[in-house]
Amino acid sequence: AGQIRAAGDEGDEKEKKVLCDTRLLDSLEERVQESVARFDTRDLASVVLGYSLAHAGSPELVAVLHKACIERCRNFTMEQIASLGWSFATIRLTSSFFRESQFDVLERVNQLTVPAICDILWSFCVVRHRDPHFFK
């Protein structure tokens, strides 16, 4: 907690690049967990994306955010679903969000932008969610 995440940790010291100082994210975890019920879908998707990009967040926080996303899955825009899929796949979360969101993806596939289609397909493959009806 409260550390600076760096790329290239295994290599030479001059190869390391700072990705993110997670101290702010770490200090906000408790507040985020307390407030998540009041987040609108945009806020929720943004918070999940932020923590995943920084590779930050405790397992407890991820569980709270994941549960909130599953509960509100039907309310997200397609761009938000694509972003959440990418975020959860990046941290290698289980496929429960993907099972819950696949119906919306199939029903509203015409609303997806090309980048969102790429994010959806990549994330579903990363978490190995291979429902034959989805990929039909």
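Student: Is arginine 42 buried or exposed?

Tutor: Arginine 42 counts as exposed, at 58% relative accessibility. Exposed is over 50% relative accessible area, buried is under 20%, and partly exposed is in between, with a 1.4 Å probe and protein chains only. This is a predicted model, where local features need pLDDT of at least 70 and side-chain atom pairs count only at pLDDT 80 or more, while totals for chains, interfaces and linings use all residues. Residues are numbered from 1 along each chain as its sequence is written, and side-chain values use heavy atoms, with hydrogens and water left out.

Student: Which helix is arginine 42 in?

Tutor: Arginine 42 is in helix H2. Helices here are DSSP runs of H or I with at least four residues, strands are runs of E with at least two, and both are numbered from the N terminus. In space, the C-alpha of arginine 42 is 9.9 Å from that of asparagine 75, and the two are 33 residues apart in sequence.

Student: How many helices and strands in the protein chain?

Tutor: There are 6 helices and 2 strands. The order along the sequence is β-β-α-α-α-α-α-α. Of the 136 residues, 40% count as buried.

Student: What share of the contacts joins residues at least 24 apart?

Tutor: It is 64%, taken among contacts between residues at least 6 apart in sequence. A contact means heavy atoms within 4.5 Å.

Student: Back to H2. At what angle do H2 and H3 cross?

Tutor: The axes of H2 and H3 cross at roughly 145° and come within 11 Å. Axes are lines fitted to C-alpha atoms, for helices over the stretch in contact, and the angles run from 0 to 180 degrees between N-to-C directions. H2 passes H3 in a left-handed crossing. Left-handed means the near helix is turned anticlockwise from the far one by less than a right angle; clockwise would be right-handed.

Student: Which residues make that contact of H2 and H3?

Tutor: From H2 they are Leu44, Val47, Val48 and Tyr51, and from H3 they are Leu61, Leu65, Ala68 and Cys69. By class that gives 8 nonpolar, no polar and no charged residues. Nonpolar covers Ala, Val, Leu, Ile, Met, Phe, Trp, Tyr, Cys and Pro; charged covers Asp, Glu, Lys and Arg; the others, Gly among them, are polar.

Student: What about the loop between H2 and H3, which residue lies there?

Tutor: Histidine 55 is one of the residues in that loop. Histidine 55 has a positive phi of about 55°, although it is not a glycine. Its relative accessible area is 44%, so histidine 55 is partly exposed.

Student: And H1 with H3, at what angle do they cross?

Tutor: Roughly 30°, with the axes of H1 (residues 23–35) and H3 coming within 10 Å. That makes H1 roughly parallel to H3. Under 35 degrees counts as roughly parallel, over 145 as roughly antiparallel, 65 to 115 as roughly perpendicular, and the rest as oblique. The H1 and H3 crossing is left-handed.

Student: Which residues meet there?

Tutor: Glu29, Val32 and Gln33 of H1 meet Glu60, Leu61, Val64 and Leu65 of H3. This contact divides into 4 nonpolar, 1 polar and 2 charged residues.

Student: New topic, H4. How many of its residues are buried?

Tutor: In H4, 11 of 13 residues are buried. Met78, Ile81, Leu84 and Phe88 are among them. The buried residues of H4 pack against helices H2 (41–53), H3 (59–71), H5 (96–107) and H6 (114–126).

Student: Where is glutamate 79, and what is it in contact with?

Tutor: Glutamate 79 lies in helix H4. At 37% relative accessibility, glutamate 79 counts as partly exposed. Leaving aside neighbours within four places in sequence, glutamate 79 is in contact with Gln111, Leu112, Thr113 and Ala116. The C-alpha atoms of glutamate 79 and glutamine 111 are separated by 8.4 Å, at 32 residues apart along the chain.

Student: Last pair, H5 and H6. What is the crossing angle?

Tutor: The axes of H5 and H6 cross at roughly 150° and come within 12 Å. The two helices are therefore roughly antiparallel to each other. Phe98, Ser101, Gln102 and Val105 of H5 make the contact with Ile120, Ser123 and Phe124 of H6. Those residues divide into 4 nonpolar, 3 polar and no charged.

Student: What covers the buried residues of H5?

Tutor: The cover includes H3, H4 and H6.
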